[in-house]
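Subject: The structure we talked about

Hi there,

Here is the structure I promised to pass on to you. Have a look around first, and then read my notes below.

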Amino acid sequence: MKPISLTRYLIQEQHAGRINADLRLLIEVVARACKTISIAIGKGALGGVLGDAGTGNIQGEAQKKLDVLSNDILLEANAWGGHLAGLASEEMDHSQPIPDAFQRGNYLLLFDPLDGSSNIDVNISVGTIFSVLRCPEGVTTPGDEHFLQPGTTQVCAGYTTYGPSTQLVLTIGHGTHVFTLDREIGSFILTTRDVQVPAETKEFAVNMSNQRFWEAPMQRYVGDLLQGKEGPRGKDFNMRWVASMVADVHRIITRGGIFSYPLDSKCRDKGGKLRLMYEANPMAFIIEQAGGAASTGRQRMLDVQPTGLHQRVPVFLGSRDEVAEAVRYHREHDQGA
Ligand code: AFP
């Protein structure tokens with residue numbers, strides 16, 4: 001079958017009644033912004049965009065020039081389309097309603113404009129993650145509280161990975177689909193429809209240098225993985241850690257695996273390392289739609305009731321059976337088994 005473009009895929013979904021024209025336009029606009037980010041990243045050292053911006057975000061993290069640039073690109077692209085009521089980003093303290101000068105729509109957009117940005121200066125894959133929610137009925141000027149909806153209410157989620165090729169992975173709640181950017185014609189082309197994460201895996205992703213700070217169930221879980229064939233899991237496991245969540249999740253989308261950023265004594269007070277609203281939730285929606293699973297270790301990720309825009313959570317996601325195993329270790333620990 002002839003490959004189809006993102007535009008054509010979205011029009012087909014609209015004709016099938018799965019999205020409306022506003023959501024289609026929203027996704028097109030986000031995808032266009034991601035192409036612009038991809039071009040800026042692709043220029044690398046020649047574009048003068050590498051290095052620190054000399055500023056920090058709300059999370060107290062140093063911002064890279066490309067963090068700021070990517071944020072500005074997404075904000076500017078989405079301000080005037082008429083499909084959004086408000087936006088929120090990792091790089092902004094609070095959400096922003098769409099300015100009065102522009103028409104407002106019914107959707108809310110959250111994004112991490114450049115995930116893994118500490119990898120940018122060493123030319124390793126980074127990405128953009130986004131999540132789309134409905135603006136609550138009757139709300140015309142949304143504030144932070146209107147974004148605090150559980151992940152189950154997401155109408156769309158996606159990420160773009162800027163690697164050897166640029167790929168957009170998207171779900172509107174009817175499977176997860178992979179689009180690859182054709183740089184010559186400037187279009188995202190559907191390259192894998194209904195991608196499926198294998199239920200089982202022999203590969204885990206975690207920052208092992210945090211081992212001594214982990215909770216007991218995580219210590220036991222990874223301890224058992226490391227024992228391989230001779231241990232209780234009865235098979236040898238391989239490990240990978242890119243330190244760009246998008247790249248690690250993309251590997252799992254492609255060939256299975258489990259990604260974890262567990263609770264540890266360094267991040268316990270904050271609730272975890274990764275952000276719920278624009279990292280964990282969109283990735284959980286994408287992974288579930290690809291047949292995988294996502295959990296905090298103690299609760300399905302998409303069921304978490306958010307309490308803050310920049311809330312952090314522990315994350316376990318990927319191959320369904322392996323996530324169930326990680327959850328089992330937490331349950332057994334909590335039950336004192
Ligand atoms: P940066 O965007 O600051 O590089 O953080 C990336 C990230 O949020 C996520 O993409 C990685 O999985 C994780 O942090 C890496 O964490 P470690 O620095 O502990 O490896």
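Let's start with a cysteine: C156 counts as buried, because its relative accessibility is 0%, and buried here means under 20% relative accessible area, with exposed over 50% and partly exposed in between (1.4 Å probe, protein chains only). Before you go further, please note that this is a predicted model, where local features need pLDDT of at least 70, side-chain atom pairs count only at pLDDT 80 or more, and totals for chains, interfaces and linings use all residues. Residues are numbered from 1 along each chain as its sequence is written, and side-chain values use heavy atoms, leaving out hydrogens and water.

**Cysteines**

How many disulfides does a search of the whole structure find? The count is zero, where a disulfide would be a pair of cysteine sulfur atoms within 2.5 Å. For C34, the closest cysteine sulfur is in C156, and at 11 Å that is too far for a bond. C34 is also buried, at a relative accessible area of 0%.

**The cores**

C156 turns up again in the largest nonpolar core, which has 44 residues. A nonpolar core is a set of buried Ala, Val, Leu, Ile, Met, Phe, Trp, Tyr and Cys residues joined through side-chain atoms within 4.5 Å. Along with C156, the residues with the most contacts inside this core are L6, L23, L109, F130, V132 and L170. Helix α2 (residues 21–43) gives the most to this core, with 11 residues; helices (H or I, at least four residues) and strands (E, at least two) are DSSP runs, numbered from the N terminus. A second, separate core has 41 residues, including V169, L276, M301 and V315.

Not counting residues up to four places away in sequence, F130 touches V30, L109, C156, Y159, L170 and P282, among others; a contact means heavy atoms within 4.5 Å.

G116 sits in the loop between β5 (107–115) and β6 (126–134). G116 is buried, with a relative accessible area of 12%, and beyond its sequence neighbours up to four places away, G116 touches V126, A243 and S244.

Helix α7 (residues 276–289) is largely enclosed by the rest of the structure, because 12 of its 14 residues are buried. Among them are L276, Y278, P282 and F285. Just after α7, G291 takes a positive phi of about 90°.

Finally, H146 is in helix α4 (residues 144–147). Is H146 buried or exposed? H146 counts as buried, at 19% relative accessibility. Leaving aside neighbours within four places in sequence, H146 is in contact with L108, P136, V139 and T141.

Happy exploring!
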